[in-house]
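Have a look at the model below.

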Amino acid sequence: LMAIADQEMRYRRLVELNTIEQSYNVMKTGVVQQARIQSKELDPRCETTVPRVHACVYDPLTAELKRLPVDFKAALKEHDDVYNLYQLSQH
């Protein structure tokens, strides 16, 4: 962050980084993990599970909603012990 000279741009980047981190924290919660497992069990052919988590920031000056690049699949693989509190039931 200190490499960003403009204070406003540094603040904006800090907001983005915080939003990304908080989206990871939402994915870590047991209630979200359980819901995702249940949605996968309901339709094993479906490639996406619900709820879906998105990291977005809103700029009130420009009225722009910016979707931030978050690779949840990579995070899930890297931190398997945190993100896999529940397992799919074996049928």
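## A buried aspartate and its partner

D59 counts as buried, at 13% relative accessibility (buried means under 20% relative accessible area, exposed over 50%, and partly exposed in between, using a 1.4 Å probe and protein chains only). This is a predicted model, so local features need pLDDT of at least 70 and side-chain atom pairs count only at pLDDT 80 or more, while totals for chains, interfaces and linings use all residues. Residues are numbered from 1 along each chain as its sequence is written, and side-chain values use heavy atoms, with hydrogens and water left out.

What does D59 pair with? D59 forms a salt bridge with R12, with the closest N and O atoms 2.5 Å apart (a salt bridge being a side-chain nitrogen of Lys or Arg within 4 Å of a carboxyl oxygen of Asp or Glu). The two sit in distant parts of the chain: R12 is in helix α1 and D59 in strand β1 (residues 56-59), 47 residues apart. Helices (H or I, at least four residues) and strands (E, at least two) are DSSP runs, numbered from the N terminus. R12 itself is partly exposed, with a relative accessible area of 28%. E8 joins in too, as E8, R12 and D59 are linked in a network of salt bridges.

## The other salt bridges

The structure holds five salt bridges. One of them brings together the side chains of K66 and E16, at 2.7 Å from N to O. K66 lies in strand β2 (residues 64-67) and E16 in helix α1, so this pair ties together parts that are 50 residues apart in sequence. E16 is buried at 12% relative accessible area, whereas K66 is partly exposed at 37%.

R45 and D43 make another salt bridge, and here the closest N and O atoms are 3.4 Å apart. R45 is exposed, with a relative accessible area of 75%, while D43 is partly exposed at 28%.

## The nonpolar core

Now for the greasy part. The largest nonpolar core has 11 residues, among them I20, Y24, M27, V32, L68 and F72 (a nonpolar core is a set of buried Ala, Val, Leu, Ile, Met, Phe, Trp, Tyr and Cys residues joined through side-chain atoms within 4.5 Å). Helices α1 (7-28) and α3 (72-78) each supply at least two residues of this core, and α1 gives the largest share, three residues.

Which residues does V32 touch? Leaving out residues up to four places away in sequence, V32 touches V26, M27 and P51, where contact means heavy atoms within 4.5 Å.
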